[in-house]
Amino acid sequence: MTALTCAQARPLVQAYVDGELDTAASLALERHLARCEACRAEHGTLRRLRAAVGAGLTAEPAPAALRRAIGRRLRAERERARPWRLRTRALVAVPAAILVAAAALALAPIAYERLAPGGAEKIVYHVNETTDPATALRNIANHVQSAPGLKAVVVAHNNGIDFLLAGARDKDGEPFAVRVAALKSQGVDFRVCGNTLARREIDPRRVIPAAKLVPSGVAEIGRLQAKEGYAYMRL
Ligand SMILES: [Zn+2]
């Protein structure tokens, strides 16, 4: 088997950590990790995340009423997302010839974008309990300003979600909600981990409306990287 490139290896790392790769793919990835420091670092991060979440999952289950409330909010988020899926289906109905032409046009820039060093157009920021949210929001604002068209998603879990709860303020007493709303208006998405709400017994109504709920913060980070080609940045 030929050696994996970084672009081929990266999407496999999450599945490898989750134990979902077959033997051949695992061996190929292990060979790549042995000689690539950057991918090894990524693997280390995801493995530590997995361990941290595993520890969180063994905590006591949330009360039934709270679990139901979180479930309702998650279903509402899915309902809201539905019109986009319908639009995607409509696109599938476009005649094949047009699609082939469009694909030929689209392929070159995508290939370039994937290979361009530092040319990440899509980024997922990971926010947890070790993150200073005021600094994180400032860094994100700078990044958005210096990279027009950047697609950015902030995924918060564990105690990292606190700045996305109603009434949260920084150490100078300034509300976080104002800065979150400003970034959201510039296309930055904020997603809060539902597992964290359940584990910490936080009512989902306390999450500010600008933020969306996802079932699992860690799974969302993995999904964005593996399925949607997002680059990962820990804040
Ligand atoms: Zn690599």
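This is a predicted model: local features need pLDDT of at least 70, side-chain atom pairs count only at pLDDT 80 or more; totals for chains, interfaces and linings use all residues.
User: What makes F163 and F176 an edge-to-face pair?

Analyst: Two things are checked, the distance and the angle. The ring centres of F163 and F176 are 5.9 Å apart, and rings pair if their centres lie within 6.5 Å. Their planes stand at 80°, and an angle over 60 degrees counts as edge-to-face.

User: Why is the pair of F163 and F190 called edge-to-face?

Analyst: The planes of F163 and F190 are at 70°, and over 60 degrees is the cut-off for edge-to-face. F190 lies in strand 3 (residues 188–193) and F163 in the loop between strand 2 and helix 7, so the pair ties together parts that are 27 residues apart in sequence. F190 is buried, as is F163.

User: How many aromatic pairs does a search of the whole structure find, and which residues do ring pairs link into a cluster?

Analyst: The search finds two aromatic pairs. Ring pairs link F163, F176 and F190 into a cluster.

User: Which residues have the most contacts inside the largest nonpolar core?

Analyst: They are F163, L164 and F190, in a core of 35 residues. Several elements give two or more residues to this core, including helix 4 (64–92), strand 1 (122–127) and helix 8 (194–200). Helix 6 supplies the largest share, five residues. For F163, contacts beyond its neighbours within four places in sequence include V127, L137, V180 and F190. There is also a second, separate core of 22 residues, with V13, L33, V53 and Y230 among them.

User: How do you know that S26 is buried?

Analyst: Compare its value with the cut-off. S26 has 14% relative accessibility, and buried means under 20%. The value falls under the limit, so S26 counts as buried. S26 is in helix 2 (residues 23–35), and leaving aside neighbours within four places in sequence, S26 is in contact with Y16 and L21. Across the chain of 235 residues, 37% count as buried.

User: What makes strand 4 and strand 5 edge strands?

Analyst: Start with the order. Five strands form an open sheet, 4-3-2-1-5, with parallel pairing. Strand 4 and strand 5 (231–234) each have a single partner strand, so one side of each is left without a neighbour in the sheet. From one strand to the next, the twist averages 30°.

User: How do you know that strand 1 and strand 2 are paired?

Analyst: Count the bridges. Strands pair if there are at least two bridges between them, and six bridges join strand 1 to strand 2. The two strands run parallel, and V124 stands opposite V153 in strand 2.

User: How many helices and strands does the chain have?

Analyst: The chain has nine helices and five strands. From the N terminus on, their order is α-α-α-α-α-β-α-β-α-β-α-β-α-β.

Conventions. Residues are numbered from 1 along each chain as its sequence is written. Side-chain values use heavy atoms; hydrogens and water are left out. Rings of Phe, Tyr and Trp (its six-membered ring) pair if their centres lie within 6.5 Å; planes under 30 degrees apart count as stacked, over 60 as edge-to-face and the rest as tilted. Helices (H or I, at least four residues) and strands (E, at least two) are DSSP runs, numbered from the N terminus. Buried means under 20% relative accessible area, exposed over 50%, partly exposed in between (1.4 Å probe, protein chains only). A nonpolar core is a set of buried Ala, Val, Leu, Ile, Met, Phe, Trp, Tyr and Cys residues joined through side-chain atoms within 4.5 Å. Contact means heavy atoms within 4.5 Å. Axes are lines fitted to C-alpha atoms, for helices over the stretch in contact, and angles run from 0 to 180 degrees between N-to-C directions.
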